[in-house]
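Hello,

Here is the structure for your files. My notes follow below it.

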Amino acid sequence: MGNVSINKLDISYDTTFILNQLDLSIEDGEFVVLLGPSGCGKSTLLNAIGGLIDTTGGSIYFDGNDVTWADPKDRGIGMVFQSYALYPTMSVEKNMSFGLRIAGVDKETIARKVDWAAKLLQLEPLLKRKPASLSGGQRQRVAIGRALVRDAGIYLFDEPLSNLDAKLRTELRLEIKKLHQKLKSTMIYVTHDQIEALTLADRIAVMKDGVIQQLDTPYNIYNKPDNLFVATFLGSPSMNCLEGTLYSNGGKVTFFSADMLLDVSDYQFMKEPDDGQHVTMGIRPEHIQTLEADKEDANLVSGVIELVEPMGSETLIWTRFTSQQTLSHSVSSELVFAKGERVNVKIEPSKCSFFDTETGFRI
Amino acid sequence: MLSILSPTNSKLASKRGSSLQMQWGRIGIYGFLLVTALFFLLPLYVMLVTSFKGLDEIRLSSIFAMPQEFSWDYWKIAWSSACTGLECSGLKVGFWNSVKILIPSVIISVMFGAINGYALSFWKIKGANILFACLLLGAFIPYQVFIYPLIRVYAEIGIYGTLTGVVVSHVIFGMPIMTLLFRNYYSTLPLELFNAARIDGAGFFKVFFVIMLPMSTPIIIVAVIMQVTNIWNDFLIGLVFAGSDNLPMTVQLNNIVNTTTGERAYNVNMAATILTSLVPLIIYVASGRWFVRGIASGAVKG
């Protein structure tokens, strides 16, 4: 149990479409993260899966059953909210058992399940406490526990870590990942934090304006983005984008931008590029290799350092390679560079991404 | 919190140099407050002293003078034997009538207001806002407009001049303000709380009674205080709809005070008036703290 399939889902308020003809299918036991900027419709999609908002069109299936108009309680889901949404007047124990008590489950089963979830999330000493006397991290663990107790096939997380401080967020992220490995249930997780998405997901759905831009593994999302939006949305420091022209000459492809010329024949084009096609080259800072001063190489580019940003584990350097643009590239923090120094770098074409400038799609 | 209670604190600190000027300001403020308090307390004082004086004494001495012969008799008369028209059994009948009207009216109208407010904030249907606007509009139409139509409707369904009739009227007239009160309170609660309860399988009433109502104590207190004082002080609805068997205390007080025959018993009138206003007075004094707290408390943090 636990596979989700969404067909041509429409959700609109008045005349504005929040989601438009959205398709998504999630396998049993998969951890899918919906990632996107605020207002992209990711929470709306999650609420639609949870049955908390009405759909305008399309359908949602759980394990082949149409649940488009089913009540939230009949969908077999557990949900964790950003603001925890614990019942303030009930103790932790009562919070966790609320759903089961409503369903009329017998007391022994309730006690067993609450104990199990409490043990799993280290909540045992807190069972008698009220939510008001818990810290943020504890509250969110209780909220996760409440979802787990329901024994659902599908768990929904709506930005569960956004209200926590950075340290707690990392800890709880790890706990959620462990939880998924232990329970092997389907989990759908909404976040705008790319690190959460990359660390947790089996697959990430990057969303923008109510449309899924790319649904793929974290590796592919990061390294082979389908379009410019995905390319620039992920990665911190973000990807360098360089506009230019591709020249194709008998299997040899060159990229030309301002006064920079690169042989990009090694790049795996999805189809043969047109000669003179306007493209945008994307290259991540960590994929620009800094060379020693006297070394010669085929795709060597040389520039003058304009800015040095130490970031702890590495140093980000902004270097002017063409008359029009600076590119950022990262080097080990142990190497010392200074503003005004000349630096040679190598750009590996196979690690770049090329996008059609007009459509923004990967080529 | 402290700075809210004494907004002048920070100003005072910065003006420490001109302490003489500040003291004169202080004296002015307290002087004004004293005069205002006296102005409002004076009638109450006159009523109290008059209610303990004999009629001769009232006629002869100043109205501010303390009673020479202190006597509870006029309070007893007001309570149990003053004449309201033909009957001479005092205010106590009216008191119990008022209690009979008050208790169901307050409970039902607060309950309805809470459910309405809850439904309007969480179970948003199309046109919910228009519905709410219409309900609010009702609060601005004067009672008098409704009286004749309501009399006809009540006569038709047979509740005119009964306890039911007057209770129903109080519930109807209290509905807009009660709904507004609860809607505004519930709209400060997070929607996620409601969603969580729905996923846990709670229905309309389960969410209301198990989740929302236990969180509503401050606003319920405010609502009860408002309704108790409104309904207790009501004259018009009681007079028109209650029928002669259920006339509330305010109407009976009017009948005692406005008897046109015989000598005017000022002492009894004063005692009766104080007796009638005692219930709202006690409510205010006992729950003033709660009232402020209820009004001031916005969101309940989870």
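Six residues of domain 1 of chain A are in contact with five residues of domain 2 of chain A, contact being C-beta atoms, placed from the backbone, within 7 Å. By class, the domain 1 side of chain A that touches domain 2 has three nonpolar, two polar and one charged residues (nonpolar: Ala, Val, Leu, Ile, Met, Phe, Trp, Tyr, Cys and Pro; charged: Asp, Glu, Lys and Arg; polar: the others, Gly among them). The assignment for chain A puts domain 1 at 4-233 and domain 2 at 240-356; such bounds come from an automatic or database domain assignment. The C-alpha centres of these two domains of chain A lie 39 Å apart.

This is a predicted model, in which local features need pLDDT of at least 70 and side-chain atom pairs count only at pLDDT 80 or more, while totals for chains, interfaces and linings use all residues. Residues are numbered from 1 along each chain as its sequence is written, with chains lettered from A and ligands numbered from 1 in the order in which they are written.

Val301(A) lies in strand S16 (residues 300-310) of chain A; strands are DSSP runs (E, at least two residues) and helices are runs of H or I, at least four, numbered from the N terminus. Leaving aside neighbours within four places in sequence, Val301(A) is in contact with Met260(A), Phe321(A), Val345(A) and Ile347(A).

Regards

Methods:
Contact = placed C-beta atoms within 7 Å.
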